[in-house]
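Trainee: Could you take me through one part of this model slowly? I would like a close look at the place where the two chains come together.

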There are 2 protein chains.
Amino acid sequence: MRIGLLGFGVVGRGVYDIIALRSDMEVAKVVCLEDISLPDAQVTKHFDDVLSDSTINTVVEAMGGLHPAYEFVRAAIEAGKNIVTSNKALVATFYDELIPLAESKGVCFRCTAAVGGGIGWLSELERARRAQSIHRVGGIMNGTCNYILDSMTRLDLSYADALSQAQALGYAEANPSTDVDGIDTWHKLILSSNIGFGITLDPESVPAAGIRNIRAEDVANFKAHGLVCKLISTGKSQDGSFSAYVQPTLVHQGEPEAAVPANYNLITLVGSASGRMSFYGQGAGRYPTAYNVVQDCVDVLSGKHFYSPYGKKISAVNADALCYYVSGVQDSWLEDNRQATWGDAVITKPVSVKAMHAWLKNHPDAFIAALPVSEQ
Amino acid sequence: MRIGLLGFGVVGRGVYDIIALRSDMEVAKVVCLEDISLPDAQVTKHFDDVLSDSTINTVVEAMGGLHPAYEFVRAAIEAGKNIVTSNKALVATFYDELIPLAESKGVCFRCTAAVGGGIGWLSELERARRAQSIHRVGGIMNGTCNYILDSMTRLDLSYADALSQAQALGYAEANPSTDVDGIDTWHKLILSSNIGFGITLDPESVPAAGIRNIRAEDVANFKAHGLVCKLISTGKSQDGSFSAYVQPTLVHQGEPEAAVPANYNLITLVGSASGRMSFYGQGAGRYPTAYNVVQDCVDVLSGKHFYSPYGKKISAVNADALCYYVSGVQDSWLEDNRQATWGDAVITKPVSVKAMHAWLKNHPDAFIAALPVSEQ
């Protein structure tokens with residue numbers, strides 16, 4: 001297998017290092033805009049040098065961002081090359097276009113490292129689907145948010161201090177919006193639901209609430225009730241209808257999710273035969289992520305295409321009625337739905353996920369968290 | 001794929017049910033000593049009816065026990081049939097014989113359900129080895145012990161009451177020795193180490209300490225120090241030498257292992273690239289276990305043989321020096337190694353795993369638990 005590697009940042013460099021140890025594949029060319037030279041691969045600034053090289057049968061995209069990653073990946077598929085990428089935004093955004101195109105061209109398209117970094121989550125889903133149907137996918141999919149929430153809980157930090165610490169450690173970007181507003185988790189949930197359930201979710205129908213408005217007082221309220229707050233994604237399949245949403249969620253101390261420390265992930269599926277299976281590991285980092293990119297290359301070698309066939313387009317229903325903790329805003333709808341009070345926060349009566357997120361859209365300063373399912 | 005199914009108990013029945021839904025494989029014959037009839041398979045009391053049927057290419061062994069499972073599996077391999085089994089005692093005990101025999105006959109031999117029940121742990125190990133070397137395997141591998149320890153910790157039950165409850169729920173046998181003395185975990189650790197490290201451990205060199213002597217006072221001592229006791233297996237590979245042992249181990253409240261409830265398992269590998277990856281799920285039960293048997297059948301269909309090549313025979317070294325909690329016995333060796341006292345129990349100075357287990361062999365009434373690695 002001769003590989004064209006796009007990008008030589010954190011992940012790209014890791015992929016190069018791991019593949020250098022293998023005899024069944026080689027990185028033939030690296031597209032990189034910086035002036036570097038490598039002992040075993042030709043370095044070029046021009047993607048066309050990869051595209052026009054007929055000896056390169058697989059493109060590993062490790063650039064990130066939507067453009068020009070999209071144009072490069074699309075052109076590579078058109079040219080009959082297999083794709084391995086860790087770019088969740090790319091795959092979730094252009095799912096409708098890239099997956100059917102790869103199917104029609106008969107090339108492999110793998111993106112395991114896009115969800116869970118070091119956890120081979122999408123491959124796990126692919127395997128799990130072979131022998132059962134999947135009822136549920138989701139969990140803690142974003143290490144940055146978990147780091148912030150964990151620091152607030154264990155060290156009693158403010159949100160601002162926890163975020164600064166995450167930034168200092170390289171776990172959060174200078175502009176942390178993609179992580180803290182739940183966008184990264186949203187991409188990962190859409191991909192997981194599409195693959196787990198064999199559908200194509202309309203992204204517009206999948207709401208995401210983040211953690212940027214959480215206060216130390218909120219964490220204190222949760223502790224007083226034996227609860228821990230985590231950013232959790234939920235995808236559900238039931239009787240042919242689907243739900244999918246991302247939101248801060250309260251779990252009891254002592255539950256597996258509550259014990260996930262620092263920037264780790266814990267991702268779960270529930271299958272008709274296996275019951276609950278969860279996967280725990282590093283959600284990011286050079287070698288964990290690069291490891292799953294290389295695993296995808298091994299799967300390409302053995303002829304694995306995409307994880308599940310491209311499925312019909314569908315909207316998430318999100319009719320589940322949940323009780324929510326809401327702080328930071330007061331209004332009459334909230335008052336009408338109040339069933340209890342924790343500090344200065346409202347605990348709502350059961351309201352539909354869809355209604356809660358519609359309200360949140362008009363109240364961007366509010367913080368919401370779903371109560372544990374066992375209290376619903 | 002035409003399957004001969006040996007045994008129609010908890011697992012066998014589950015396998016039959018799941019395969020009935022599939023078009024790529026069928027259970028052609030079931031060997032069962034009871035008088036039953038099945039809509040889709042011929043039932044026989046005689047293994048020879050399976051062995052002599054040349055249309056049956058795969059034998060699924062779900063009888064349990066060493067004999068006649070061993071004789072049947074061996075004969076089936078000799079006859080060129082693939083083997084899928086959930087029988088950890090069989091594979092761990094006859095590893096030396098069955099794995100090389102299957103290799104020489106070119107048949108597939110799969111036993112994923114033997115470790116972790118509903119967790120596809122051995123398949124995970126097989127996948128992880130494709131792209132890195134494995135430094136460590138192990139974890140909570142026995143649901144019965146976890147149920148007992150969890151009940152003692154969360155509900156303050158005595159060992160006897162927790163065991164009775166586990167027996168009433170069907171989680172423990174009338175004679176619980178295989179579980180509570182660590183023998184089941186010992187088999188699973190040996191299999192995991194062999195496959196993860198590509199070696200063949202001498203079982204005699206792998207010590208196992210169980211939980212039968214744990215008292216409510218011990219659990220109270222652990223709680224007073226913020227610790228939780230779990231039965232944990234450890235396999236390590238370092239610079240060409242190997243350690244492997246099973247023992248009660250103390251973990252801090254809030255760590256992932258501490259949060260594993262009831263009869264669940266949490267099994268971990270540490271790889272050179274992926275770092276830590278853990279797998280959480282039901283360690284037993286009809287459909288979770290049968291699910292992984294069927295996954296193995298799918299892998300046989302795609303031509304997967306054993307998980308790793310048969311490796312050279314080797315003894316575990318177990319030179320790690322750990323501090324232990326020891327209760328139930330007093331003697332001069334223990335006194336000489338005392339560094340602290342918790343209630344009526346001794347906390348030892350660092351002693352080698354090998355020395356501690358050698359002492360324990362002569363003190364069958366003692367209870368030991370290793371202190372957390374972070375306190376060593």
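Which rotation, and what shift along its axis, superposes chain A on chain B?

Mentor: Happy to! Keep in mind that this is a predicted model. Chain A is superposed on chain B by a rotation of 180° with 0.0 Å of shift along the axis, and the RMSD is 0.0 Å. That is the relation of a two-fold axis. In chain A, the C-alpha nearest this axis belongs to A:Phe279, 2.5 Å away from it.

Now stay with that residue. A:Phe279 has B:Phe279 in β12(B) as its bridge partner. The strands β12(A) and β12 (residues 275-282) of chain B run antiparallel and are joined by 5 bridges.

Next, let us look at the whole contact. Here 38 residues of chain A are in contact with 37 residues of chain B. Of the interface residues of chain A, 97% are also interface residues in chain B, so the copies meet through the same surface. The area buried between the two chains is about 2,900 Å², with carbon and sulfur atoms giving 49% of it. On the side of chain A, the residues that lose the most area to chain B are A:Arg127, A:Arg130 and A:Tyr291, together 23% of what that side buries.

A:Arg130 also has a partner to look for: its side chain meets that of B:Asp299 in a salt bridge (3.1 Å, N to O). Across the interface there are 2 salt bridges, and 14 residue pairs are in polar contact. Finally, α6 (121-129), β12 (275-282) and α12 (286-301) of chain A each supply at least two residues of the side that touches chain B. By class, that side of chain A has 17 nonpolar, 13 polar and 8 charged residues.

Terms used
Residues are numbered from 1 along each chain as its sequence is written. Chains are lettered from A and ligands numbered from 1 in the order in which they are written. This is a predicted model: local features need pLDDT of at least 70, side-chain atom pairs count only at pLDDT 80 or more; totals for chains, interfaces and linings use all residues. Side-chain values use heavy atoms; hydrogens and water are left out. Copies are superposed by least squares on the C-alpha atoms of residues with pLDDT of at least 70 in both. Contact means heavy atoms within 4.5 Å. Buried area is the accessible area (1.4 Å probe) that two parts lose on being put together, summed over both. A salt bridge is a side-chain nitrogen of Lys or Arg within 4 Å of a carboxyl oxygen of Asp or Glu. A polar contact is a pair of N or O atoms within 3.5 Å; within protein, one must be able to donate a hydrogen and the other to accept it, and residues adjacent in sequence count only if both atoms are side-chain atoms. Helices (H or I, at least four residues) and strands (E, at least two) are DSSP runs, numbered from the N terminus. Ala, Val, Leu, Ile, Met, Phe, Trp, Tyr, Cys and Pro count as nonpolar, Asp, Glu, Lys and Arg as charged, and the others, Gly among them, as polar. Two strands pair if DSSP finds at least two bridges between them.
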